[in-house]
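Dear colleague,

My notes on it follow directly after.

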Amino acid sequence: MHEANTTNILAPGTTAPDFTLPHSGLVLREKGKENAMETKQLTYFTDYRSLKMTRDAQGVLVVEFHTNRGPLTFTAQDHTDFVDAFYRISQDRANKIVILTGTGGQFIPGIDFSSFGNVADPAVWSQVHDEGVQILENLANIRVPVIAAVEGQLYVHSEYALLANVIVAGRSAKFHDTPHFAGGIVPGDGIFTTWSYRAGAGRAEAFLLNPQPLSAQKAYEWGVVAEIVDDGKALSRARELASVYLKAPEVTRRNTRVHFIQPLKERIVREVGYGLSLEGASAADLVKSMHAVSEKQPQAV
């Protein structure tokens, strides 16, 4: 066995920083570097208008969806922002646990369809397609345990919550899919992939073909929700679970998330791009049919 030694890699006459090169591997460590990196990462917390991010001293990051500090009405700008936001969350190793939640007693209750523009335009849908794939892949690439604290209505993009390891729901919480089949387009953006993975294909197909609000109790019976708590207590319970998870070593936590999400990640990669292509074709046809109906309407004199 050789003793570890320090190698001088600087030019003569220069002052050595606190670097060491152990013989067992090329590991470089500089005093203060990690803190500087963490400070730099914090700048992204305020970069997105519809996400409020706060992180405590233990590294528990709480991500709150909101519109002007109230319940989120999902827009095309959010669709764009979330690609980058979830990527940056996933790459920040100072995040030890991630909690997703809503604001004002709601998770994501509504969507502004008009903000997406003409979805029959191939250029518009190309952006929707690419962002839709990237959002889910970046969520799946968060490599620490993820908890969703769901209160009220989760009527839009419930697949975001279903990419968490655990969903804690308030007793009155409801799951729904208002944007897709009921609105005339294919549920191809990952909502079928996630619901069929969590609840089974038969239940997912029935739920998405005849979308009706699904109670927290029913979602619990389906195995989608892990715990039901009193209304207003989902976030506090999520924090309690986070404190439990933090007792495990960091590499164990990270690798457990990686292990658990891998089968769903494989399905996302395999299915969501294809599903969004089908959704785009149906959106174009819907716009076409709406224009045809409009042209048949008698014109006001």
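How many bridges join strand 1 to strand 2, and do these strands run parallel or antiparallel? Strand 1 and strand 2 are antiparallel, and five bridges join them. Please note that this is a predicted model.

Strand 1 covers residues 51-55, and its side chains alternate between two faces. Leu-51, Met-53 and Arg-55 point to one face and are buried.

**Two positive phi values outside glycine**

Arg-69 has a phi near 70°, a positive value in a residue other than glycine. Arg-69 belongs to the loop that links strand 2 (60-65) with strand 3 (73-74). With a relative accessible area of 77%, Arg-69 is exposed, because the cut-off for that class is over 50%.

His-157 also has a positive phi, near 55°, and is likewise a residue other than glycine. His-157 is found in the loop between strand 7 (153-154) and helix 4 (159-162). Is His-157 buried or exposed? Its relative accessibility is 10%, so His-157 counts as buried, the limit being under 20%.

His-79 lies in helix 2, which spans residues 76-91. At 6% relative accessibility, His-79 counts as buried. Leaving aside residues up to four places away in sequence, His-79 touches Phe-74, Phe-116, Val-128, Glu-131, Gly-132, Ile-135 and His-157.

Helix 2 packs against helix 3 (residues 122-140) at an angle of about 25°, and their axes are 8 Å apart. Angles under 35 degrees count as roughly parallel, and the two helices are therefore roughly parallel to each other. Helix 2 passes helix 3 in a left-handed crossing. On the helix 2 side, the contact is made by His-79, Thr-80, Phe-82, Val-83, Phe-86, Tyr-87 and Ser-90. Helix 3 contributes Gln-127, Val-128, Glu-131, Gly-132, Gln-134, Ile-135, Asn-138 and Leu-139. By type, the residues of this contact divide into seven nonpolar, seven polar and one charged.

With kind regards

Key
Residues numbered from 1 in each chain as written. Predicted model: local features only at pLDDT ≥ 70, side-chain atom pairs only at ≥ 80, totals over all residues. Heavy atoms only, no water. Helix = DSSP H or I, 4+ residues; strand = E, 2+ residues; numbered from the N terminus. Buried < 20%, exposed > 50% of the residue type's maximum accessible area, 1.4 Å probe, protein only. Contact = heavy atoms within 4.5 Å. Pairing = 2+ DSSP bridges. Axes fitted to C-alpha atoms, helices over the stretch in contact; angles between N-to-C directions. Parallel < 35°, antiparallel > 145°, perpendicular 65-115°, else oblique. Left-handed = near helix turned anticlockwise from the far one by under 90°. Nonpolar A, V, L, I, M, F, W, Y, C, P; charged D, E, K, R; others polar.
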